Amino acid sequence: MYTILITVAIITGITTSLAILLTLADAYIADYGEKKIIINQEKEFIIDGGSSLLSSLVSQNIFIPSACGGKGSCGYCKCKINSGGGPVLVTELSYLTKDDLKNDIRLSCQVKVKNDIAIEIPNELFNVKRYEATVETLEDLTNKIKLIRLKITSNDPSTIEFKAGQYIQLTAPPYGNNSEEVYRAYSIASATKDIHYINLLIGYVERGIVTTYVHKHLSQGNSLTFTGPYGDFYLQNTDSEIILVAVGTGMAPILSILYELLEERSPRKTTFFFGARTKSDLFMLEEMEMFEKELPNFKFVPTLSRPTEEDNWQGNIGRVTNAIENLIDKGDSTREAYLCGGTSMINSTVEVLLEKGMQEHLIYYDKFD
Ligand SMILES: Cc1cc2nc3c(=O)[nH]c(=O)nc-3n(C[C@H](O)[C@H](O)[C@H](O)COP(=O)(O)OP(=O)(O)OC[C@H]3O[C@@H](n4cnc5c(N)ncnc54)[C@H](O)[C@@H]3O)c2cc1C
Ligand code: FES
(Lines give C-alpha, C1' and ligand atoms only; values in the text may rest on other atoms or scores of the structure.)
(Ligands and ions follow the chains in the order given, each with its own letter.)
Protein backbone atom coordinates (compact mmCIF):
# COMPACT_ATOMS: atom_id res chain seq x y z
CA MET A 1 0.00 0.00 0.00
CA TYR A 2 2.82 2.35 1.05
CA THR A 3 4.72 1.59 -2.21
CA ILE A 4 1.60 2.33 -4.30
CA LEU A 5 1.10 5.69 -2.55
CA ILE A 6 4.75 6.67 -3.10
CA THR A 7 4.53 5.65 -6.80
CA VAL A 8 1.31 7.70 -7.29
CA ALA A 9 2.93 10.69 -5.54
CA ILE A 10 6.06 10.45 -7.74
CA ILE A 11 4.04 10.14 -10.98
CA THR A 12 1.79 13.08 -9.94
CA GLY A 13 4.88 15.15 -9.09
CA ILE A 14 6.54 14.38 -12.44
CA THR A 15 3.40 15.17 -14.52
CA THR A 16 2.73 18.41 -12.57
CA SER A 17 6.36 19.53 -13.05
CA LEU A 18 6.17 18.70 -16.77
CA ALA A 19 2.91 20.66 -17.13
CA ILE A 20 4.46 23.68 -15.34
CA LEU A 21 7.61 23.42 -17.52
CA LEU A 22 5.52 23.26 -20.70
CA THR A 23 3.46 26.28 -19.61
CA LEU A 24 6.61 28.28 -18.78
CA ALA A 25 8.30 27.23 -22.03
CA ASP A 26 5.18 28.25 -23.97
CA ALA A 27 5.08 31.62 -22.19
CA TYR A 28 8.78 32.52 -22.25
CA ILE A 29 10.60 30.46 -24.89
CA ALA A 30 8.14 29.63 -27.68
CA ASP A 31 8.44 32.06 -30.56
CA TYR A 32 5.46 31.90 -32.90
CA GLY A 33 6.72 34.74 -35.09
CA GLU A 34 4.44 37.23 -36.81
CA LYS A 35 0.86 36.15 -37.37
CA LYS A 36 -2.04 37.67 -39.28
CA ILE A 37 -5.47 38.40 -37.75
CA ILE A 38 -8.18 38.82 -40.39
CA ILE A 39 -11.38 40.42 -39.10
CA ASN A 40 -14.74 40.15 -40.87
CA GLN A 41 -12.87 39.28 -44.09
CA GLU A 42 -11.93 42.93 -44.53
CA LYS A 43 -9.43 44.18 -41.93
CA GLU A 44 -5.99 42.60 -41.44
CA PHE A 45 -3.39 43.10 -38.71
CA ILE A 46 0.06 41.63 -38.23
CA ILE A 47 0.88 40.86 -34.59
CA ASP A 48 3.53 38.92 -32.68
CA GLY A 49 2.06 35.43 -32.15
CA GLY A 50 1.77 33.69 -28.80
CA SER A 51 -0.54 36.06 -26.90
CA SER A 52 -4.26 35.57 -26.37
CA LEU A 53 -6.55 36.66 -29.17
CA LEU A 54 -8.19 39.12 -26.73
CA SER A 55 -4.91 40.88 -25.86
CA SER A 56 -3.67 40.73 -29.48
CA LEU A 57 -6.83 42.59 -30.50
CA VAL A 58 -6.36 45.10 -27.66
CA SER A 59 -2.83 45.78 -29.02
CA GLN A 60 -4.58 46.88 -32.24
CA ASN A 61 -7.11 49.02 -30.31
CA ILE A 62 -9.93 46.57 -30.90
CA PHE A 63 -11.74 45.93 -27.63
CA ILE A 64 -13.91 42.83 -27.18
CA PRO A 65 -16.07 42.90 -24.02
CA SER A 66 -14.45 41.25 -21.04
CA ALA A 67 -15.82 41.57 -17.53
CA CYS A 68 -13.17 39.39 -15.82
CA GLY A 69 -10.02 40.87 -17.35
CA GLY A 70 -9.18 37.78 -19.44
CA LYS A 71 -9.28 35.19 -16.65
CA GLY A 72 -11.79 32.95 -18.42
CA SER A 73 -14.43 33.49 -15.75
CA CYS A 74 -17.06 35.77 -17.29
CA GLY A 75 -17.82 34.36 -20.74
CA TYR A 76 -18.16 37.88 -22.17
CA CYS A 77 -15.30 37.68 -24.70
CA LYS A 78 -16.93 35.28 -27.15
CA CYS A 79 -16.09 35.64 -30.82
CA LYS A 80 -16.48 33.56 -33.96
CA ILE A 81 -13.27 32.02 -35.23
CA ASN A 82 -13.48 30.87 -38.84
CA SER A 83 -9.97 29.43 -39.05
CA GLY A 84 -6.72 29.16 -37.12
CA GLY A 85 -8.15 28.96 -33.58
CA GLY A 86 -6.90 25.44 -32.79
CA PRO A 87 -8.90 22.97 -30.67
CA VAL A 88 -11.41 24.15 -28.06
CA LEU A 89 -9.77 24.25 -24.60
CA VAL A 90 -11.13 22.79 -21.36
CA THR A 91 -11.03 26.30 -19.86
CA GLU A 92 -13.61 27.47 -22.44
CA LEU A 93 -16.11 24.64 -22.10
CA SER A 94 -18.18 25.88 -19.16
CA TYR A 95 -19.05 29.10 -21.06
CA LEU A 96 -19.73 27.64 -24.52
CA THR A 97 -23.19 26.33 -25.36
CA LYS A 98 -23.84 23.52 -27.86
CA ASP A 99 -24.82 26.20 -30.39
CA ASP A 100 -21.59 28.12 -29.71
CA LEU A 101 -19.53 24.99 -30.36
CA LYS A 102 -21.46 24.25 -33.55
CA ASN A 103 -20.91 27.85 -34.76
CA ASP A 104 -17.17 28.06 -33.94
CA ILE A 105 -17.69 30.55 -31.12
CA ARG A 106 -14.72 30.67 -28.75
CA LEU A 107 -13.54 32.60 -25.68
CA SER A 108 -11.05 35.07 -27.15
CA CYS A 109 -9.15 35.36 -23.85
CA GLN A 110 -8.34 31.63 -23.89
CA VAL A 111 -7.42 31.23 -27.57
CA LYS A 112 -3.72 31.86 -28.25
CA VAL A 113 -2.70 33.25 -31.63
CA LYS A 114 -0.29 30.56 -32.83
CA ASN A 115 -1.41 30.60 -36.50
CA ASP A 116 -2.91 33.12 -38.88
CA ILE A 117 -6.45 33.48 -37.64
CA ALA A 118 -9.72 34.62 -39.26
CA ILE A 119 -12.45 35.94 -36.94
CA GLU A 120 -15.81 37.68 -37.05
CA ILE A 121 -16.88 40.39 -34.60
CA PRO A 122 -19.89 42.76 -34.54
CA ASN A 123 -19.10 46.00 -36.41
CA GLU A 124 -20.09 48.07 -33.30
CA LEU A 125 -16.90 46.87 -31.61
CA PHE A 126 -14.86 49.03 -34.01
CA ASN A 127 -16.45 52.02 -32.20
CA VAL A 128 -15.10 50.93 -28.81
CA LYS A 129 -12.23 53.24 -27.83
CA ARG A 130 -9.79 53.69 -24.97
CA TYR A 131 -10.29 56.89 -22.92
CA GLU A 132 -8.17 58.75 -20.40
CA ALA A 133 -10.10 60.57 -17.71
CA THR A 134 -9.77 62.32 -14.37
CA VAL A 135 -12.02 61.95 -11.36
CA GLU A 136 -14.12 65.13 -11.28
CA THR A 137 -16.22 64.08 -8.26
CA LEU A 138 -16.35 61.11 -5.92
CA GLU A 139 -19.40 61.11 -3.68
CA ASP A 140 -20.86 58.64 -1.16
CA LEU A 141 -24.46 57.88 -2.11
CA THR A 142 -24.84 55.27 0.64
CA ASN A 143 -22.23 53.66 2.90
CA LYS A 144 -21.56 51.10 0.13
CA ILE A 145 -22.16 52.97 -3.13
CA LYS A 146 -20.11 55.79 -4.63
CA LEU A 147 -20.98 58.07 -7.51
CA ILE A 148 -17.93 58.81 -9.65
CA ARG A 149 -17.98 61.49 -12.29
CA LEU A 150 -15.14 61.08 -14.81
CA LYS A 151 -14.06 63.88 -17.11
CA ILE A 152 -12.60 62.65 -20.41
CA THR A 153 -9.12 64.15 -20.83
CA SER A 154 -7.80 62.28 -23.89
CA ASN A 155 -7.61 64.36 -27.09
CA ASP A 156 -8.53 61.53 -29.40
CA PRO A 157 -11.17 60.43 -28.49
CA SER A 158 -12.26 63.48 -26.49
CA THR A 159 -15.97 62.63 -26.40
CA ILE A 160 -18.01 59.45 -25.90
CA GLU A 161 -21.02 58.33 -27.91
CA PHE A 162 -23.13 55.58 -26.36
CA LYS A 163 -26.66 54.25 -26.05
CA ALA A 164 -28.54 54.66 -22.75
CA GLY A 165 -27.98 51.39 -20.85
CA GLN A 166 -24.50 50.50 -22.16
CA TYR A 167 -21.39 50.00 -20.03
CA ILE A 168 -17.66 50.73 -20.02
CA GLN A 169 -14.69 48.77 -18.67
CA LEU A 170 -12.78 50.66 -16.01
CA THR A 171 -9.11 49.89 -15.37
CA ALA A 172 -7.67 49.88 -11.86
CA PRO A 173 -3.87 50.35 -11.88
CA PRO A 174 -1.60 48.05 -9.80
CA TYR A 175 -1.97 48.88 -6.07
CA GLY A 176 -1.25 47.13 -2.75
CA ASN A 177 -0.72 43.39 -3.33
CA ASN A 178 -2.28 43.60 -6.75
CA SER A 179 0.61 43.79 -9.23
CA GLU A 180 -1.27 44.14 -12.49
CA GLU A 181 -3.88 46.30 -14.18
CA VAL A 182 -7.37 44.90 -13.71
CA TYR A 183 -10.54 45.94 -15.50
CA ARG A 184 -14.21 45.45 -14.73
CA ALA A 185 -17.53 46.39 -16.33
CA TYR A 186 -19.53 49.41 -15.03
CA SER A 187 -22.75 50.75 -16.52
CA ILE A 188 -22.85 54.39 -17.56
CA ALA A 189 -25.25 56.28 -15.29
CA SER A 190 -25.19 59.63 -17.11
CA ALA A 191 -27.08 61.11 -20.06
CA THR A 192 -26.02 60.28 -23.61
CA LYS A 193 -25.80 64.02 -24.38
CA ASP A 194 -23.16 64.43 -21.64
CA ILE A 195 -20.38 63.54 -24.11
CA HIS A 196 -17.35 64.89 -22.20
CA TYR A 197 -18.13 63.04 -18.95
CA ILE A 198 -19.43 59.73 -17.65
CA ASN A 199 -21.02 58.99 -14.29
CA LEU A 200 -20.65 55.57 -12.66
CA LEU A 201 -22.26 54.07 -9.54
CA ILE A 202 -19.77 51.69 -7.96
CA GLY A 203 -20.74 49.41 -5.06
CA TYR A 204 -18.16 48.13 -2.56
CA VAL A 205 -17.48 44.37 -2.80
CA GLU A 206 -15.51 42.93 0.11
CA ARG A 207 -11.99 42.01 -1.14
CA GLY A 208 -13.02 42.99 -4.69
CA ILE A 209 -10.01 44.32 -6.61
CA VAL A 210 -11.51 47.22 -8.56
CA THR A 211 -14.17 48.23 -6.04
CA THR A 212 -11.58 48.32 -3.22
CA TYR A 213 -9.41 50.50 -5.44
CA VAL A 214 -12.30 52.85 -6.12
CA HIS A 215 -13.61 52.96 -2.54
CA LYS A 216 -10.33 53.04 -0.60
CA HIS A 217 -7.59 54.34 -2.89
CA LEU A 218 -9.13 56.67 -5.49
CA SER A 219 -9.35 60.43 -4.91
CA GLN A 220 -10.69 63.45 -6.72
CA GLY A 221 -8.24 64.56 -9.45
CA ASN A 222 -6.74 61.06 -10.00
CA SER A 223 -6.38 59.77 -13.56
CA LEU A 224 -7.99 56.57 -14.84
CA THR A 225 -8.48 54.81 -18.16
CA PHE A 226 -11.54 53.07 -19.49
CA THR A 227 -12.72 51.47 -22.74
CA GLY A 228 -16.20 51.45 -24.18
CA PRO A 229 -19.03 51.64 -24.89
CA TYR A 230 -20.12 48.00 -24.80
CA GLY A 231 -23.31 45.98 -24.56
CA ASP A 232 -26.63 45.21 -26.16
CA PHE A 233 -28.65 46.29 -23.12
CA TYR A 234 -30.05 49.68 -24.11
CA LEU A 235 -33.33 51.55 -24.49
CA GLN A 236 -35.28 50.46 -27.58
CA ASN A 237 -36.78 53.13 -29.76
CA THR A 238 -40.48 52.21 -29.57
CA ASP A 239 -43.72 53.62 -28.06
CA SER A 240 -44.31 50.68 -25.71
CA GLU A 241 -44.86 50.89 -21.98
CA ILE A 242 -41.63 50.47 -19.99
CA ILE A 243 -40.99 48.56 -16.75
CA LEU A 244 -37.63 49.32 -15.14
CA VAL A 245 -36.32 47.14 -12.31
CA ALA A 246 -33.08 47.51 -10.34
CA VAL A 247 -31.48 46.93 -6.97
CA GLY A 248 -28.41 48.74 -5.61
CA THR A 249 -25.94 49.86 -8.30
CA GLY A 250 -28.28 48.33 -10.88
CA MET A 251 -29.79 51.83 -10.86
CA ALA A 252 -26.84 53.04 -13.00
CA PRO A 253 -28.02 52.12 -16.54
CA ILE A 254 -31.64 52.83 -15.52
CA LEU A 255 -30.64 56.44 -14.69
CA SER A 256 -29.12 56.80 -18.15
CA ILE A 257 -32.33 55.39 -19.68
CA LEU A 258 -34.42 57.89 -17.65
CA TYR A 259 -32.21 60.82 -18.82
CA GLU A 260 -32.78 59.60 -22.39
CA LEU A 261 -36.57 59.53 -21.89
CA LEU A 262 -36.33 63.02 -20.37
CA GLU A 263 -34.31 64.29 -23.36
CA GLU A 264 -37.02 62.96 -25.67
CA ARG A 265 -39.79 64.33 -23.38
CA SER A 266 -41.14 60.80 -23.78
CA PRO A 267 -44.84 60.20 -23.07
CA ARG A 268 -44.19 56.45 -22.65
CA LYS A 269 -45.78 54.99 -19.50
CA THR A 270 -42.77 54.10 -17.35
CA THR A 271 -42.59 52.49 -13.89
CA PHE A 272 -39.29 52.10 -12.05
CA PHE A 273 -39.23 49.42 -9.32
CA PHE A 274 -36.18 49.91 -7.12
CA GLY A 275 -35.26 47.49 -4.34
CA ALA A 276 -33.20 48.26 -1.22
CA ARG A 277 -32.89 46.80 2.27
CA THR A 278 -33.46 49.85 4.46
CA LYS A 279 -34.15 53.56 3.95
CA SER A 280 -30.41 54.29 4.24
CA ASP A 281 -29.83 52.17 1.11
CA LEU A 282 -32.05 54.44 -0.99
CA PHE A 283 -30.37 57.16 -3.07
CA MET A 284 -31.04 59.53 -5.99
CA LEU A 285 -34.42 60.35 -4.43
CA GLU A 286 -34.32 64.01 -5.54
CA GLU A 287 -33.45 62.87 -9.06
CA MET A 288 -36.47 60.52 -8.99
CA GLU A 289 -38.74 63.38 -7.84
CA MET A 290 -37.42 65.44 -10.74
CA PHE A 291 -38.20 62.62 -13.23
CA GLU A 292 -41.71 62.29 -11.75
CA LYS A 293 -42.24 66.03 -12.28
CA GLU A 294 -40.74 66.26 -15.76
CA LEU A 295 -41.85 62.97 -17.35
CA PRO A 296 -45.63 62.93 -17.85
CA ASN A 297 -46.09 59.17 -17.29
CA PHE A 298 -43.29 58.18 -14.92
CA LYS A 299 -43.66 56.55 -11.50
CA PHE A 300 -40.89 55.63 -9.06
CA VAL A 301 -41.69 52.66 -6.79
CA PRO A 302 -39.05 52.13 -4.07
CA THR A 303 -39.43 48.90 -2.10
CA LEU A 304 -37.63 48.03 1.13
CA SER A 305 -36.97 44.40 2.05
CA ARG A 306 -35.94 45.07 5.68
CA PRO A 307 -37.06 48.52 6.85
CA THR A 308 -36.02 49.34 10.43
CA GLU A 309 -38.35 50.84 13.03
CA GLU A 310 -36.54 54.19 12.77
CA ASP A 311 -37.16 54.15 9.00
CA ASN A 312 -40.86 54.71 9.71
CA TRP A 313 -41.40 53.42 6.17
CA GLN A 314 -44.89 53.85 4.71
CA GLY A 315 -44.08 52.51 1.23
CA ASN A 316 -43.87 49.02 -0.28
CA ILE A 317 -42.28 46.29 1.83
CA GLY A 318 -40.75 43.12 0.40
CA ARG A 319 -38.74 42.29 -2.68
CA VAL A 320 -39.11 44.12 -5.99
CA THR A 321 -40.88 41.04 -7.35
CA ASN A 322 -43.62 41.46 -4.68
CA ALA A 323 -44.17 45.06 -5.77
CA ILE A 324 -44.34 44.03 -9.44
CA GLU A 325 -46.80 41.24 -8.60
CA ASN A 326 -49.02 43.75 -6.75
CA LEU A 327 -48.82 46.73 -9.10
CA ILE A 328 -48.50 45.43 -12.65
CA ASP A 329 -51.59 44.23 -14.54
CA LYS A 330 -51.71 41.07 -16.60
CA GLY A 331 -52.07 41.84 -20.26
CA ASP A 332 -50.34 44.15 -22.74
CA SER A 333 -47.75 41.93 -24.40
CA THR A 334 -45.97 44.83 -26.10
CA ARG A 335 -44.50 46.13 -22.82
CA GLU A 336 -40.70 46.25 -22.51
CA ALA A 337 -38.74 45.59 -19.33
CA TYR A 338 -35.17 46.60 -18.47
CA LEU A 339 -33.67 44.82 -15.44
CA CYS A 340 -30.33 45.34 -13.75
CA GLY A 341 -28.70 43.75 -10.71
CA GLY A 342 -27.72 40.28 -9.46
CA THR A 343 -28.63 37.01 -11.18
CA SER A 344 -31.17 35.81 -8.60
CA MET A 345 -33.14 39.09 -8.66
CA ILE A 346 -33.14 39.05 -12.47
CA ASN A 347 -34.19 35.40 -12.75
CA SER A 348 -37.09 35.81 -10.31
CA THR A 349 -38.19 39.10 -11.92
CA VAL A 350 -38.20 37.52 -15.40
CA GLU A 351 -40.45 34.74 -14.03
CA VAL A 352 -42.94 37.27 -12.58
CA LEU A 353 -42.95 39.37 -15.77
CA LEU A 354 -43.65 36.29 -17.90
CA GLU A 355 -46.57 35.44 -15.57
CA LYS A 356 -47.84 39.00 -16.23
CA GLY A 357 -48.04 38.13 -19.94
CA MET A 358 -44.83 39.83 -21.09
CA GLN A 359 -42.89 38.41 -24.03
CA GLU A 360 -39.46 36.99 -23.18
CA HIS A 361 -37.70 38.77 -26.04
CA LEU A 362 -38.93 42.15 -24.73
CA ILE A 363 -37.31 41.59 -21.32
CA TYR A 364 -33.78 43.04 -21.49
CA TYR A 365 -31.25 42.66 -18.68
CA ASP A 366 -27.64 43.05 -17.57
CA LYS A 367 -26.52 40.68 -14.82
CA PHE A 368 -23.85 42.30 -12.68
CA ASP A 369 -22.45 39.10 -11.14
C1 LIG B 1 -22.39 44.43 -17.80
C2 LIG B 1 -22.01 44.70 -16.35
C3 LIG B 1 -22.24 45.93 -15.81
C4 LIG B 1 -21.88 46.18 -14.48
N5 LIG B 1 -22.16 47.40 -13.94
C6 LIG B 1 -21.85 47.64 -12.66
C7 LIG B 1 -22.17 48.91 -12.06
O8 LIG B 1 -22.71 49.82 -12.70
N9 LIG B 1 -21.84 49.09 -10.76
C10 LIG B 1 -21.22 48.12 -10.01
O11 LIG B 1 -20.92 48.37 -8.82
N12 LIG B 1 -20.93 46.90 -10.55
C13 LIG B 1 -21.20 46.66 -11.85
N14 LIG B 1 -20.88 45.45 -12.40
C15 LIG B 1 -20.09 44.48 -11.59
C16 LIG B 1 -18.59 44.81 -11.76
O17 LIG B 1 -18.18 44.57 -13.09
C18 LIG B 1 -17.68 43.98 -10.86
O19 LIG B 1 -17.95 42.62 -11.05
C20 LIG B 1 -17.83 44.31 -9.37
O21 LIG B 1 -17.66 45.70 -9.18
C22 LIG B 1 -16.76 43.56 -8.54
O23 LIG B 1 -15.48 43.88 -9.04
P24 LIG B 1 -14.19 43.73 -8.13
O25 LIG B 1 -12.98 43.81 -9.02
O26 LIG B 1 -14.22 44.69 -7.00
O27 LIG B 1 -14.35 42.29 -7.50
P28 LIG B 1 -13.56 40.95 -7.90
O29 LIG B 1 -12.14 41.13 -7.55
O30 LIG B 1 -13.90 40.62 -9.32
O31 LIG B 1 -14.29 39.88 -6.98
C32 LIG B 1 -13.85 39.57 -5.68
C33 LIG B 1 -14.77 38.55 -5.03
O34 LIG B 1 -16.08 39.09 -4.85
C35 LIG B 1 -17.06 38.32 -5.53
N36 LIG B 1 -17.96 39.28 -6.19
C37 LIG B 1 -17.75 39.95 -7.34
N38 LIG B 1 -18.79 40.78 -7.61
C39 LIG B 1 -19.68 40.60 -6.59
C40 LIG B 1 -20.93 41.18 -6.31
N41 LIG B 1 -21.52 42.08 -7.10
N42 LIG B 1 -21.54 40.77 -5.16
C43 LIG B 1 -20.97 39.87 -4.35
N44 LIG B 1 -19.78 39.29 -4.58
C45 LIG B 1 -19.15 39.64 -5.69
C46 LIG B 1 -16.32 37.50 -6.54
O47 LIG B 1 -16.96 36.26 -6.77
C48 LIG B 1 -14.98 37.33 -5.88
O49 LIG B 1 -14.99 36.25 -4.99
C50 LIG B 1 -21.24 45.17 -13.70
C51 LIG B 1 -21.00 43.93 -14.28
C52 LIG B 1 -21.37 43.67 -15.58
C53 LIG B 1 -21.09 42.32 -16.15
S1 FES C 1 -12.59 37.81 -20.67
FE2 FES C 1 -13.84 36.85 -19.20
S3 FES C 1 -14.04 34.87 -20.03
FE4 FES C 1 -12.76 35.83 -21.44
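**Figure 1. Strand β16 in the predicted model is enclosed.** In this predicted model, strand β16 covers residues 336-341. Six of its six residues are buried, so the strand is largely enclosed by the rest of the structure. Buried here means under 20% relative accessible area. The side of β16 to which Glu336, Tyr338 and Cys340 point is buried. Ala337, Leu339 and Gly341 point the other way, and they are buried too.

**Figure 2. Strand β12 pairs with β16.** Strand β12 spans residues 242-247. Five bridges join β12 to β16. The two strands run parallel. Leu244 has Tyr338 of β16 as its bridge partner.

**Figure 3. Strand β17 pairs with β16.** Strand β17 is formed by residues 363-367. It is joined to β16 by five bridges, and the pair runs parallel. Tyr338 stands opposite Tyr364 of β17. Between β16 and β17 the chain passes through helix α9, residues 343-355. This β-α-β crossover is right-handed.

**Figure 4. The largest pocket is lined by 49 residues.** Its volume is about 1,600 Å³. Val247, Thr249, Gly341, Gly342 and Phe368 are the lining residues nearest the centre of this pocket. Several elements give two or more residues each to the lining. Among them are the strands β9 (182-187), β10 (197-203) and β13 (270-276). Helices α5 (209-217) and α8 (320-327) also belong to this group. So do α9 and β17. By class, the lining of the largest pocket holds 21 nonpolar, 19 polar and nine charged residues.

**Figure 5. The second largest pocket is lined by 30 residues.** About 860 Å³ of space lies in this pocket. Closest to its centre are Glu124, Gln166, Tyr230, Gly231 and Asp232. Four strands supply at least two lining residues each: β3 (78-83), β6 (129-140), β11 (223-230) and β17. The largest share, three residues, comes from β17. By class, the lining of the second largest pocket has 18 nonpolar, four polar and eight charged residues.

**Figure 6. Strand β17 beside both pockets.** β17 gives two or more residues to the lining of the largest pocket. For the second largest pocket, β17 provides three lining residues. The strand also pairs with β16 through five bridges.

Technical notes:
Residues numbered from 1 in each chain as written. Chains lettered and ligands numbered in written order. Predicted model: local features only at pLDDT ≥ 70, side-chain atom pairs only at ≥ 80, totals over all residues. Heavy atoms only, no water. Buried < 20%, exposed > 50% of the residue type's maximum accessible area, 1.4 Å probe, protein only. Pairing = 2+ DSSP bridges. Right-handed = clockwise from strand over helix to strand, strands pointing away. 1 Å grid on protein atoms, 1.4 Å probe; cavity = no way out; pocket = protein on both sides within 12 Å on 5 of 7 lines; lining within 4 Å. Points joined across faces, edges and corners; volume = space filled by probe spheres on them. Nonpolar A, V, L, I, M, F, W, Y, C, P; charged D, E, K, R; others polar.
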